[in-house]
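Me: I would like to go through a protein structure with you. Could you show it first, and then take my questions one at a time?

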Amino acid sequence: MKRIVIVTIVWLCCTINATSQTVTSLNGNVVDATSEKNLEGVIVKIENTSIFGETNSNGEFNIEKIPIGNQIILITFEGFSSQNIPITSIENKTYNLGTIFLYPSITELQETSIISLSDDDLLDDGDRSSDYIAGLFQSSKDTYLRAAAFNFGQAWFKVRGYDSSYGTISINGIEMNKLYDGRPQWSDWGGLNDAFRNQYFTNGLSPSETTFGGVLGTTNFSTRASDYQKVSKVSLSATNKSYTGRVMATYATGMNKNNWAFVASGSRRIADEGYLEGTSYNAWAAFLAVEKKLNASHSLNLTAFIAPNRRGKSSPNTQEVYDLKGNKYNAYWGEQVGDKRNSRMKEIVEPIVMLSHFYKNEKMSLKTTVAYQFGHIGNSRLGYFNAPNPDPTYWKYLPSSYLRFDDNLDYANAYLAEQEFLDNGQLDWNELYEVNANNGNSLYYLYEDRVDDTQISFNSIYNSTLIKNLNLSTGVSFQNLTSENYGNMLDLLGGNGFVDLDQYAEGEAQQNDLNNPNRVVGVNDKFQYNYTIKASVVGAFAQLQFTKRKLDYFVGLNFKNTSYQREGLYQNGTYLNNSFGKSEKLSFSDFSGKGGFTYKFTGRHLVTINGAFISNSPTIRNAFSNSRVNNLITPDLTSEKIMTSDISYIFRSSKIQSRITAYYTKFSDAIETSFFFAEGLLGDQADFVNEIMTGVDKKNIGAELSFDYQVTSTIKLLGAGGFGQFTYDNNPQLYLQSESFTDEDSDFGIAYLKDYRISGTPQRAYSLGFEYRDPNFWWFQASANFLSNNYLDISPLLRTDNFYTDSDGVPFVDDETGVEASQEQVNSLLIQEKFDDAFLVNLVGGKSWLINRNYAGFFLGINNVLGELFKTGGFEQSRNANYPELKQDKQLNKPIFGPKYWYGNNTSFYLNLYIRF
């Protein structure tokens, strides 16, 4: 009420003194009324004119050449309630509006209550979906990035085709990208949406005050307790995605009179079965932040959070399996004592504790954080030894296996197999227990690939205004990781024990640990493999930002030194000379630089140009060829280099906000690894292999369009488009490692990948929609989205000389022509599959109420309203590794080893109810 009275008095003084004061310019300062922080980017416009201004980073604005007479000043900022301030303008005077307080709009309070990490988007082990999750944190940015997050994301869309490892995610300056693969483990703070709503985002190469960043940009979450609005909030959610229900509560005190601030938040997410069959979900989350303001310059902040998560995974399947069982089919579960038991469960428990110190004066600020993270990640699966494969989709159990040979078509058994798969087609837990009980020792067992990480991190960021319009940001960081990796026996499934042997090897090579041969393993024992990775990263960055009336520009430099060392705790029988003990210590020094400028033709028309050279060291995953069983280093190991640039034209007015961007990125010397079973190696060999590609070059080029038009005060038109082309740009080197190959055999030569499309994302995506926001606090948004140019992930092994030449180096003979297979025949088998286009309609809306100064409301989002069936991803199987075998398989009506796919969700919804008081 005091602030309302102040604004009213200012207006009355202005109008009363209009005859004695004159105005040609207008200035002031705009702040968030709840946090009292300066607001940057607030639009201050003279009504019914084209004259407007925008607040700077200090929340200040200045507008010149105000028309003479009575005027209305419109002050608008997305997420906040607008203000209209009347003034009377007289010539040759300056008018200062002072401090203007904006309050968060009721619809903004509603929307931020449900902006969440959709766990459907976190479905995985870092392969297929986490790549685009960074987009979820871009939801408060321009229309294109909003569309990428909420409309395109359901089809695994990646901004500019970039993997999530190319974006830097940090909490209080501490980088959260895992050293193992460079990707953030989002589930470490899943379910803590309110606690992690304070974020600072930069898109692409734009400068950040907290880190150098990557080509995808940066997101830094602040958990400083005094940054949170004073609030008590409870919300309930229902959905038909990965979980079915969620309850979340948050309490924040703000800074009290004793200079303490507290924030507490917690949630529970659960599902007996998610959208896909057999995918249970069980997650808790808790968060605490405490800040003590020591004096005007110094503060200490303690943050602790944990988000235990246990959920069932889902299987990719061939089209034959989907045709028989439907698109929700999941091969990983089976019934046991009336319950659906999933063999592939992922469990994440990695608590984090952070202590931060903040120092600030008029010229500079220093933020220092030390963090400690510990815990484990486990991925369970069934194992078996000298017993039939328990996978219900194993190729020998499917109808197609009986129709494999033209001279021996067994329709009777094909029919029986089809009926058995239709009637059952799930894991038979009872059968596994029965086999083990009859055998004594376990032939079937349930185990997990276990990672126990302990990491200490340090980060210090210094920001200073050196002179007027020149800002310096610099920082140093350190990470030290100890990662214990091993197979962990979870369940012997009724057996007495398991002998720790490798079923794919023979003789002494069968021993997983020659130091303890023929060891019988019990529940919770380590087995199969056991090793430790020591890793450390030391980094420093510096950045200068210049701000002038017409031109802003920046330059940044970054240095990182990364080191890894493996220590094998088992002496593997196959790699007895290089598996036990410490490996060679690997060290990489990487220098990177970036720069850019923005030229402001006027306040409405801007051009931005950025460029960068970035060097990234190999990750732990890529540095060792097969770290589970040996100390071997990946051949031709070197850092990945990235050359990238973009140019944007930006137009801003009171009604139109638009951006068009063109970009080019060249990745060089990348490394890709995978594991699979293959037949037809070097003519007729078969083995479980590790595939390594080195010197991989890729090229991503494209354009982005973001457009929104405020038609009226309540209606806004929204448009977004991404047009990309992401391809392999060379023919890299391919190596295979297995128990069967000597060192000479491991080099499979060149993989002919140039100009094949990169998989894992639609390369083109378009969205058109509208938004209606009613003054009575309800809103509605509809969008139509078109996604195309999504491709199947190709098998590099099928594109080597091994594919069309026999062990003697002579090309295979085509069985139909009787002569050597031609290049045209080979190419016809290797055409990359392009998925069908997807047309998705999404609806979202909500309503809020203000009741006795408390807020209540709901939000409902419906994705894929028309129930479109579409593929989100998939991969070629590499099992048929030569021309004759692949041709024979592809000639079948239903290929036995055809590609495996993932499908997107049918119509799904998300309902959120909340009260804020």
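Predicted model: local features only at pLDDT ≥ 70, side-chain atom pairs only at ≥ 80, totals over all residues.

Me: How many salt bridges does a search of the whole structure find?

Reply: The search finds 28 salt bridges. A salt bridge here is a side-chain nitrogen of Lys or Arg within 4 Å of a carboxyl oxygen of Asp or Glu.

Me: Which residue forms a salt bridge with Arg628?

Reply: The partner is Asp449, and the closest N and O atoms are 3.4 Å apart. This pair links distant parts of the chain, 179 residues apart: Arg628 is in the loop between helix H7 (620-623) and strand E34 (640-652), while Asp449 is in strand E25. Helices (H or I, at least four residues) and strands (E, at least two) are DSSP runs, numbered from the N terminus.

Me: And is Asp449 buried or exposed?

Reply: Asp449 counts as buried because its relative accessibility is 10%. Buried means under 20% relative accessible area, exposed means over 50%, and partly exposed lies in between (1.4 Å probe, protein chains only). Arg628, at 36%, counts as partly exposed.

Me: What about Lys641, which residue does it form a salt bridge with?

Reply: Lys641 forms a salt bridge with Asp669, and the closest N and O atoms are 3.4 Å apart. The two residues are 28 residues apart, with Lys641 in strand E34 and Asp669 in strand E35 (residues 656-681). Lys641 is partly exposed at 25% relative accessible area, and Asp669 is partly exposed at 28%.

Me: Where does Asp729 lie, and which residue is it paired with?

Reply: Asp729 lies in the loop between strand E37 (715-728) and strand E38 (733-737), and its partner Lys666 is in strand E35, 63 residues apart. The closest N and O atoms of this salt bridge are 3.2 Å apart. Asp729 is buried, with a relative accessible area of 15%, and Lys666 counts as buried at 19%.

Me: Which residues do salt bridges with shared partners join into one network?

Reply: The network consists of Asp142, Arg160, Asp646, Arg659 and Glu704.

Me: Where is Arg160 found?

Reply: Arg160 is in the loop between helix H3 (143-150) and strand E8 (167-171). Its relative accessible area is 6%, so Arg160 is buried. Its phi is near 60°, a positive value in a residue other than glycine.

Me: Where does Asn469 lie?

Reply: Asn469 lies in the loop between strand E25 (444-467) and strand E26 (470-491). Phi of Asn469 is near 75°, also a positive value in a residue that is not glycine, and Asn469 is partly exposed at 39% relative accessible area.

Me: Back to H3 for a moment. Why is H3 described as largely enclosed by the rest of the structure?

Reply: The description applies because 6 of the 8 residues of H3 are buried. They are Thr143, Tyr144, Leu145, Ala147, Ala148 and Ala149.

Me: New topic. What does Gln657 touch?

Reply: Gln657, found in strand E35, touches Phe651, Arg652, Ser706, Phe707 and Asp708, not counting residues up to four places away in sequence. A contact means heavy atoms within 4.5 Å. Gln657 and Ser706 are 49 residues apart in sequence, and their C-alpha atoms are 7.9 Å apart in space.

Me: And where is Pro895 found?

Reply: Pro895 is in the loop between helix H10 (883-890) and strand E45 (900-903). Its C-alpha atom is separated by 8.7 Å from that of Thr318, which is 577 residues apart from Pro895 along the chain. Leaving out residues up to four places away in sequence, Pro895 touches Glu320, Asp889 and Lys890.

Me: Last one. Which residues form the negative surface patch?

Reply: The patch is formed by Glu420, Asp423, Asp428, Glu431 and Glu434. Helix H5 (411-423) and helix H6 (429-439) are the elements that give two or more residues to the patch. Patches are made of residues with over 30% relative accessible area and no salt bridge, with like charges joined within 9 Å and nonpolar side chains (Val, Leu, Ile, Met, Phe, Trp, Tyr) within 5 Å. Glu434 lies in helix H6 and is partly exposed, with a relative accessible area of 48%.

How values were computed. Residues numbered from 1 in each chain as written. Heavy atoms only, no water. Areas by Shrake-Rupley, 256 points an atom, 1.4 Å probe, with all protein chains shown as cover. Lys, Arg positive; Asp, Glu negative; His and termini not counted. Charge placed at Lys NZ, Arg CZ, Asp CG, Glu CD.
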